[in-house]
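This report looks at how two parts of one chain meet. The structure comes up next.

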Amino acid sequence: MARAASPRRRAVTTVIAWAVGLAIFFPILWIVILSFKSEGDAIRPPLQVLTSAWTTHTYAEVQERSDYFRHFMNSVIISFGSTLAALAIAIPAAWSMAFVPGRRTKDLLMWMLSTKMLPAVGVLVPIYLIFRDTGLLDTRTGLVIVLTMINLPIVVWMLYTYFKEIPSEILEAARMDGAGLRDELLYVLTPMAVPGIASTLLLNVILAWNEAFWTLNLTASKAAPLTAFIASYSSPEGLFYAKLSAASTLAIAPILILGWFSQKQLVRGLTFGAVK
Amino acid sequence: MATQASRAAGRLMLSPAVILLLAWMIVPLAMTLYFSFLRYNLLMPGMEEWTGFDNYTYFLTDPAFFDALTNTLLLVVGVLLITTVGGIALALLLDQPFWGQGIVRVLVIAPFFVMPTVSALVWKNMFMNPVNGLFAHLAKALGLQPYDFLGVAPLFSITLIVAWQWLPFATLILLTALQSLDSEQLEAAEMDGASALSRFRHIMLPHLARAATVVILIQTIFLLSTFAEILVTTNGGPGTASTTLTYLVYVQSLLQFDVGGGAAGGIVAVILANIVAIFLMRMIGRNLET
């Protein structure tokens, strides 16, 4: 919407908007700053923190003392593993609902959504016991299974809204030209579906990376991803501000970058297409 | 246009997702329901016995349940209030033309991507800590007494932390909705001499109502399960001052090993969440028709 604005009004808006934006972003900026300080400097009053010496020593120490990289890899494996598994199950399902809709497709979609509304505590006890008895507790496999299932409805929904936008006339045209089912899938539909699948993947990795109910309850140490690793700082160790900051910065940086690319998909994915 | 064969193929493609989700939903839920009628403590294996509605009576009459219910309501309503009102204000601001729009947008959205354990710990230690926190330093610089946020007002502090995480979500959705508003309508109203306030009240607000409802419903679903923020800041305390329903069920089942009682609490949580879910589903379902 390009309404004309006087330069003065634009300048005032610019100042206010930047001030508000920086205020909201400030906690993140602050931990990045603290992560480059020594432990002793990090707890000083803010102005002294800013003027104290910069160091990258804390990062090395975090890796050394707590094996940061292992938790990072757990997060990567769990979030990508569960996302890929969910995609493998959801792509055929969303595909068939978008292109071969039946009488009950809508009910089915709504039912899938309803499973997402089930509060996690409602099934915490049985899942915990099943995992304990099958040896899945504190394993990456166990978390991949749980996160696949809790995000599956969102994945199906997102893919469905994307596939739905592929015009079916294109399919008819391809068939007229004598394309078989295989050609149709490979050369017509797949290229058109790739952007939607990529967006879904992106958003789902973010959701899985930050998931903090199951990852905290079902892991102890071996399979603990970054959410659980950071939570371990809630003990008195949290008073090590610089180390907590460095660990936090490393934990959120990759997802912050991915997240900035996925603003649009976020709205669509999390509102199930209700707001576009 | 769908043939018999493509229908069969369609059903085949659909079945893994449906069967898995069905199993995921029904098996644990049935188990929870079953456990909720048992006296079942993990510390006393082999002593399980049928107790009828005892667990429910016990859970619902426990003073902690009433506290948890109140706390859950306060937390959810508090966060919703801050995020919707703040979200509308922010969306209106970001919709104005100004320099660096893209960058400011990115700054505002960032908190949503911060994992809950990080944001909770950072707020708890670096900002709200009464000795070394930033707020304490500021208070001291101004000659005031530092405020012990999580000690004195634990639930309110957690509300602030959670609101910080969800404000970007509300802003982003409301901004998206605002940008889909027909600008000609606004210009016409402006030409007819409608003031900025009446344009907001009679054109923008009705247009935002739908998006705001979606924001409220979706956030409610997620907020009812708030867990990590409580676990790493207050552990539900002091006492039950910041224990929510989700947290109470966690304490009962995994810390006190009372599987039966925890399961009864879980079923209560499911029933409460369903009440919200029905409204949300209606809205999304209506949208699916068009």
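How far apart do the C-alpha centres of domain 1 of chain A and domain 2 of chain A lie? They lie 33 Å apart.

## Model and domains

This is a predicted model, where local features need pLDDT of at least 70, side-chain atom pairs count only at pLDDT 80 or more, and totals for chains, interfaces and linings use all residues. Residues are numbered from 1 along each chain as its sequence is written, chains are lettered from A in the order in which they are written, and side-chain values use heavy atoms, with hydrogens and water left out.

Chain A divides into domain 1 (7–58) and domain 2 (69–270). These bounds come from an automatic or database domain assignment.

## Contact and buried area

Domain 1 of chain A brings 12 residues to the contact, and domain 2 of chain A brings 11. Contact means heavy atoms within 4.5 Å.

The two domains of chain A bury about 870 Å² between them, 76% of it on carbon and sulfur atoms. Buried area is the accessible area (1.4 Å probe) lost when two parts are put together, summed over both. In domain 1 of chain A, the most area is lost by A:I31, A:E39 and A:T58, together 48% of what that side buries.

## Polar links and make-up

The rule finds 1 salt bridge across this interface (a Lys or Arg side-chain nitrogen within 4 Å of an Asp or Glu carboxyl oxygen). The side chains of A:E39 and A:K243 form a salt bridge at 3.1 Å, N to O.

On the domain 1 side of chain A, the touching residues are 7 nonpolar, 3 polar and 2 charged. Here Ala, Val, Leu, Ile, Met, Phe, Trp, Tyr, Cys and Pro count as nonpolar, Asp, Glu, Lys and Arg as charged, and the others as polar.
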